[in-house]
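Please view the structure alongside the notes.

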Amino acid sequence: MARSQCGYPGTRGSAPRHSGSGVTRPSGDQGMDAVRRSARGRAESPPDRKVYMDYNATTPLEPAVIQAVTEAMKEAWGNPSSSYVAGRKAKDIINAARESVAKMIGGKPQDIIFTSGGTESNNLVIHSMVRYFHKQQTLKGQMIDQYIPEEGARPHFITCTVEHDSIRLPLEHLMEEQIAEVTFVPVSKVTGQAEVEDVLSAVRPTTCLVTIMLANNETGVIMPVPEISRRIKALNQSRAASGLPQVLVHTDAAQALGKRRVDVEDLAVDFLTIVGHKFYGPRIGALYVRGVGKLTPLYPMLFGGGQERNFRPGTENTPMIAGLGKAAELVSENCEAYEAHMRDIRDYLEERLEAEFGKRIHLNSRFPGVERLPNTCNFSIQGSKLQGYMVLAQCQTLLASVGASCHSDHEDRPSPVLLSCGIPVAVARNALRLSVGRSTTRAEVELVVEDLKQAAAHLEGSG
């Protein structure tokens, strides 16, 4: 099985620290309560504090999540498959968490499979579809070969050029091993999105899966997943009449969850990937599968004791599942407040950057008329000495990334995502990705902008 080289990464540098004071709050009692809860219990930072703005890489655990994990460790240490008290307690916690995760995305509890994280969820979908394709081939008597005999009977996948490595690398591995065919649809240089028509025109008789992320981790651009799903469902009706297998739709929702409302009915997807540490939960994940095993096929990559209805065996990690459930519960209760607060802070950050740097600022994540995540700002300060990684190295306060954290070993190279979106090489080379969180304040924005000013001045004044 191919594994992503970077998975869903943690952050580079020090752990995030929060001021816990001076938080700009969304309007309304619910919004104020949500932000207060997010900041509660976090220590005041020292005078030389660091300001963390890499929430797209990873988020700290909410205090309520830590409490849920701790209580599960103490009270639900038993094997969930056992009948004694601690085992039953563990099973109850897992069932409650499954309901909370399902509620967060508008799904059914029985359609949630717990996994170790986003990389496993994505790989599980991809490898399941390879098996599903070959089973359909056997059942239909090699029907597909009648349509494209010269291509043989390899499953075909459609994705886009800006997907996370845990999608891209497994698909590239399948291509290298001549197990599958893959079309990487380019994103539009006007919108930063995978265009619906490009996805549809890539469909072949052998196509089994379209996998398009819900929100890009570097630009924050929201992909047109609902429209892609709707068009694929319509296409499946004509495919069924021709004896061709249906095309299923998967979206990696890692970046969107906790920042905007996510509803599987609105998205109309068959699979959806959930990653806990992107929304203040622990580093485990889940996979939504619509009508798992009945409406939508899923085949295990692991074999063992039969947990998770045999789709993902292995004794359940009860404390982490408890934490994931609590994190999902907080999202369900407060998502609108979280979104409003992050958008306010992100917009203020961009206003301050433009005010301080003027025409030298290029906002890489702004595409006219295109929705993006409320917390993400990708920008470049133009100048021959202001490569992103060099600016970041000079910063005394800011903790952030030049792009996806899993590419930090190649931080001197322009981001392939930005280049795919049409950002010029000289601009992309200077890019920084700042992503704000639930408790980021305007005061912290001021500190970061001043830090960036001094870093740029130092670099341009040296040599």
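**Cysteines and sheet**

Cys160 counts as buried, because its relative accessibility is 2% (buried means under 20% relative accessible area, exposed over 50%, partly exposed in between, with a 1.4 Å probe and protein chains only). This is a predicted model: local features need pLDDT of at least 70, side-chain atom pairs count only at pLDDT 80 or more, and totals for chains, interfaces and linings use all residues. Residues are numbered from 1 along each chain as its sequence is written, and side-chain values use heavy atoms, with hydrogens and water left out.

**Cysteines**

- The disulfide count is 0, where a disulfide is a pair of cysteine sulfur atoms within 2.5 Å.
- Cys160 is in no disulfide; its nearest cysteine sulfur belongs to Cys421, 9.1 Å away.
- Cys377 counts as buried, at 0% relative accessibility.

**Sheet**

- An open sheet is built from 3 strands in the order 9-10-12, with antiparallel pairing.
- Strands (E, at least two residues) and helices (H or I, at least four) are DSSP runs, numbered from the N terminus; two strands pair if DSSP finds at least two bridges between them.
- Strand 9 (361-363) and strand 12 (431-435) are the edges, each pairing on one side only.
- Neighbouring strands are turned by 30 degrees against each other on average, direction ignored.
- Strand 10 (residues 376-381) pairs with strand 12 over 5 bridges, in the antiparallel sense.
- Phe379 stands opposite Leu432 in strand 12.

**Helix packing**

- Helix 9 (residues 318-357) packs on the sheet and touches strand 9, strand 10 and strand 12; contact means heavy atoms within 4.5 Å.
- The direction of helix 9 makes about 10 degrees with that of strand 10.
- Axes are lines fitted to C-alpha atoms, for helices over the stretch in contact, and angles run from 0 to 180 degrees between N-to-C directions.
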